[in-house]
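Subject: Structure handover

Hi,

Here is the structure I promised to pass on. Please open it next to this email and follow along.

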Amino acid sequence: MRTILIAAVAACLIAGPAAAQSGTTLESFVTRANRIPLNATAMLRPDAHRLKGEVERAFGAVRVEIRTARAAGQTPPACPPESIELNPRQLLAYLNGIPSARRQRMTVTDGIRAWMASSYPCPGQA
């Protein structure tokens, strides 16, 4: 999982955002992510590739939201640095910490947006 999420974040930051938003619930994503072992063989699993794609799309969508808000002179949902240091275990722990009932109503993009807002709040936001 560590390799998947690091690769996903690197791909998002280097290749640019994909505007498509995943329709998968965050609950489903977290359930599947928790099943993938944190080892080198994780990338051999087809589900790992699907999760990687969902994470890439989610990070890309949030990056687009941030750029759009800044261009419109509005406060973005988060203010991350250009390069993000991502600890996959901490990200997954954060997503697991969101109550299940709430995760069922959230998309993967919503979860990534919440994590980014928590990790990289904009000045003046609590």
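Below is what I found in it, from the whole chain down to single residues.

**Overall**

Please keep in mind that this is a predicted model. The chain has six helices and zero strands. Read from the N terminus, the order of elements is α-α-α-α-α-α. The chain has 126 residues, and 40% of them count as buried.

**Helix α2 and its cover**

Start with α2, which spans residues 26–35. Its buried residues are L26, E27, F29, V30, R32 and A33. What covers them includes α3, α4, α5 and α6.

The packing of α2 on α3 is worth a look. Their axes are 10 Å apart, at an angle of about 135°.

- R32 touches T24, D47, R50, L51 and E54, leaving aside residues up to four places away in sequence.
- A33: this residue also sits in α2. A33 has a relative accessible area of 1%, and is buried. A33 and D47 are 14 residues apart in sequence, and their C-alpha atoms are 8.6 Å apart in space.

**Helix α3 against α6**

Next, go to α3 (residues 46–71) and α6 (residues 108–119). They pack with their axes 8 Å apart, at an angle of about 60°. The two helices are therefore oblique to each other. Their crossing is right-handed. From α3, the contact uses E54, A58, F59, A61, V62, E65 and I66. From α6, V108, T109, I112, R113, W115 and M116 take part.

E54 turns up again here.

Which residues of α4 are buried? In this helix, residues 88–97, they are P88, L91, L92 and L95. Viewed down the helix axis, these buried residues fall within an arc of 95°, so they line one face of α4. R89, Q90 and G97 are exposed on the other side.

The N-terminal end of α4 is capped by N87. A side-chain oxygen of N87 lies 2.9 Å from the backbone nitrogen of R89.

**Helix α4 against α6**

α4 also packs against α6, with axes 10 Å apart and an angle of about 110°. These two helices are therefore roughly perpendicular to each other. The crossing of α4 and α6 is right-handed. L91, Y94 and L95 make the contact from α4. G111, I112, A114, W115 and S118 make it from α6.

Two of those α4 residues, L91 and L95, are on the list of buried residues of α4.

**A buried loop residue**

Last stop: M106. Where does M106 lie? M106 is in the loop between α5 (100–103) and α6. Its relative accessibility is 7%, so M106 counts as buried. Leaving aside residues up to four places away in sequence, M106 touches T24, T25, L26, I98 and G111. One of these, L26, is a buried residue of α2.

M106 and S28 are 78 residues apart in sequence, and 9.9 Å apart from C-alpha to C-alpha.

Best wishes

How values were computed:
Residues are numbered from 1 along each chain as its sequence is written. This is a predicted model: local features need pLDDT of at least 70, side-chain atom pairs count only at pLDDT 80 or more; totals for chains, interfaces and linings use all residues. Side-chain values use heavy atoms; hydrogens and water are left out. Buried means under 20% relative accessible area, exposed over 50%, partly exposed in between (1.4 Å probe, protein chains only). Helices (H or I, at least four residues) and strands (E, at least two) are DSSP runs, numbered from the N terminus. The arc is that of the directions from the helix axis to the C-beta atoms. A polar contact is a pair of N or O atoms within 3.5 Å; within protein, one must be able to donate a hydrogen and the other to accept it, and residues adjacent in sequence count only if both atoms are side-chain atoms. Axes are lines fitted to C-alpha atoms, for helices over the stretch in contact, and angles run from 0 to 180 degrees between N-to-C directions. Angles under 35 degrees count as roughly parallel, over 145 as roughly antiparallel, 65 to 115 as roughly perpendicular and the rest as oblique. A crossing is left-handed if the near helix is turned anticlockwise from the far one by less than a right angle, and right-handed if clockwise. Contact means heavy atoms within 4.5 Å.
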